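User: Hi! I have a model open and would like to go through it with you. Could you help me find my way around?

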Amino acid sequence: SCVKDGQQNCLCGRFSTKKQLQFSHLLLQKMGLNPQTSRLDVSTHPFTIALHPTDVRITTRFEKHLFSCLASVMHEGGHALYEQGLPLDFYGTPAGQPLSLGWHESQSRLWENIIGKNFSFWHYFYPQLQQFFPTQLKAIDLAQFYRTLNRVQPSYIRVEADEVSYCLHVFLRFELENALINQQLSVADLPAAWNSKMQEYLNLTPPNMALGCLQDIHWSMGSIGYFPTYALGNLYAAQLFAVFCRQHPDWQRQMQEGILPGVLHTWLKTNIFQHGRLYSSAELIQKITAEPLNAAYYLRYLTEKYSAIY
């Protein structure tokens with residue numbers, strides 16, 4: 001939302017779409033996306049489509065909030081890096097395919113949130129962003145920018161939800177999917193059921209279906225059961241990054257110097273991408289982190305980060 005408690009969000013306003021795209025390409029380049037085998041376009045709902053590891057296409061969108069575009073780019077960029085990093089020699093076989101949707105979302109959520117909303121990350125990138133938008137950002141210092149990125153506020157739109165409330169959007173959708181599949185809820189009654197659960201979980205009632213049950217593309221394309229992969233992605237991402245940080249104790253310095261995206265990309269290729277589907281999800285998380293999937297990492301990440309902010 002652009003306004004909270006009567007205060008205007010400092011990242012809402014008129015930002016050149018051309019410059020947003022230019023900065024987005026800068027971010028993707030730093031993340032390690034190969035511009036020769038990928039492209040970035042614009043769509044209403046951001047998505048990634050991979051025709052081959054050498055042909056990966058992503059989209060973003062422009063809203064009133066500047067970070068809407070940048071978050072989408074980093075989210076979809078995480079997906080694209082996974083697809084580009086798969087073993088070319090094994091394309092067309094399980095060894096050359098992503099492990100699962102949950103692992104795919106671990107990459108998008110890692111780059112969008114754990115990296116893309118990190119203070120040290122923007123210590124390097126924010127001065128460059130200010131150069132792209134000097135008029136809008138000149139009076140906003142890094143601390144204010146960081147707090148704005150990480151503002152916790154219930155919202156209608158899942159893809160723009162803050163990290164703390166994000167999984168509530170997943171719970172809502174999963175419960176409605178269960179009711180639909182088990183014939184406990186008819187499609188005709190879905191909008192009202194959606195609004196009821198939005199009120200229950202987020203204390204919000206969507207004013208229309210565009211901000212309610214029609215905001216996502218997943219159901220219309222038949223992806224029933226997809227939404228829990230975003231929650232799983234959050235869990236995987238937090239656990240993976242905790243191990244990465246232990247193995248790279250100077251990661252914050254690397255972030256502040258702008259070299260971490262490349263270091264992290266290499267680590268992900270080595271530990272995840274190159275394996276394709278050679279391991280099960282349970283086997284791979286055990287192989288990388290020496291323990292099963294553990295939600296404690298995600299809870300600790302949220303608690304430590306937002307306790308410091310608030």
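User: Which helix is Ile-114 found in?
Analyst: Ile-114 sits in helix α3. Helices here are DSSP runs of H or I with at least four residues, strands are runs of E with at least two, and both are numbered from the N terminus. A word on the source: this is a predicted model, where local features need pLDDT of at least 70, side-chain atom pairs count only at pLDDT 80 or more, and totals for chains, interfaces and linings use all residues. Residues are numbered from 1 along each chain as its sequence is written, and side-chain values use heavy atoms, with hydrogens and water left out.

User: Thanks! Is Ile-114 buried or exposed?
Analyst: Ile-114 is buried, at a relative accessible area of 7%. Buried means under 20% relative accessible area, exposed means over 50%, and partly exposed is in between, with a 1.4 Å probe and protein chains only.

User: And what is Ile-114 in contact with, leaving aside its neighbours within four places in sequence?
Analyst: Ile-114 then touches Arg-109, Glu-163, Ala-237, Ala-238, Phe-241, Met-255 and Tyr-301. Contact means heavy atoms within 4.5 Å. Phe-241 lies 127 residues away along the chain, yet the C-alpha atoms of Ile-114 and Phe-241 are separated by 8.1 Å.

User: Let's move to α12. Which residues are buried there?
Analyst: Helix α12 covers residues 281-289, and its buried residues are Leu-284, Ile-285, Ile-288 and Thr-289.

User: Why do they line one face of the helix?
Analyst: Looking down the axis of α12, the buried residues fall within an arc of 105°, so they line one face. The arc is that of the directions from the helix axis to the C-beta atoms.

User: What does that set pack against?
Analyst: The buried residues of α12 pack against α3 (101-115), α9 (228-247) and α11 (260-271).

User: What happens just after α12?
Analyst: Ala-290 comes there, with a positive phi of about 65°. Its place is in the loop between α12 and α13 (296-309). Ala-290 counts as exposed, at 61% relative accessibility.

User: I also flagged Gln-183. What is its phi?
Analyst: Phi of Gln-183 is near 60°, a positive value in a residue other than glycine. Gln-183 is in the loop between α7 (166-181) and α8 (190-202), and it is exposed, with a relative accessible area of 74%.

User: Now Tyr-156. Where is its place?
Analyst: Tyr-156 is in the loop between α6 (142-149) and α7. With a relative accessible area of 26%, Tyr-156 is partly exposed.

User: Which residues is Tyr-156 in contact with, apart from neighbours within four places in sequence?
Analyst: The list is His-169, Met-198, Leu-204, Thr-205, Pro-206, Pro-207, Leu-211 and Gln-215.

User: What about Asn-34, where is it found?
Analyst: Asn-34 is in the loop between α1 (17-31) and β3 (38-42). It is partly exposed, with a relative accessible area of 32%. Asn-34 and Asn-208 are 40 Å apart, C-alpha to C-alpha, and 174 residues apart in sequence.

User: Zooming out, how many helices and strands are in the protein chain?
Analyst: There are 13 helices and five strands. Of the 310 residues, 53% count as buried.

User: And what box do the C-alpha atoms fill?
Analyst: Along the principal axes, the box is roughly 50 × 50 × 35 Å.

User: Last one: what share of the contacts with a separation of 6 or more comes from residues 24 or more positions apart?
Analyst: Such residues account for 67% of those contacts in the protein chain.
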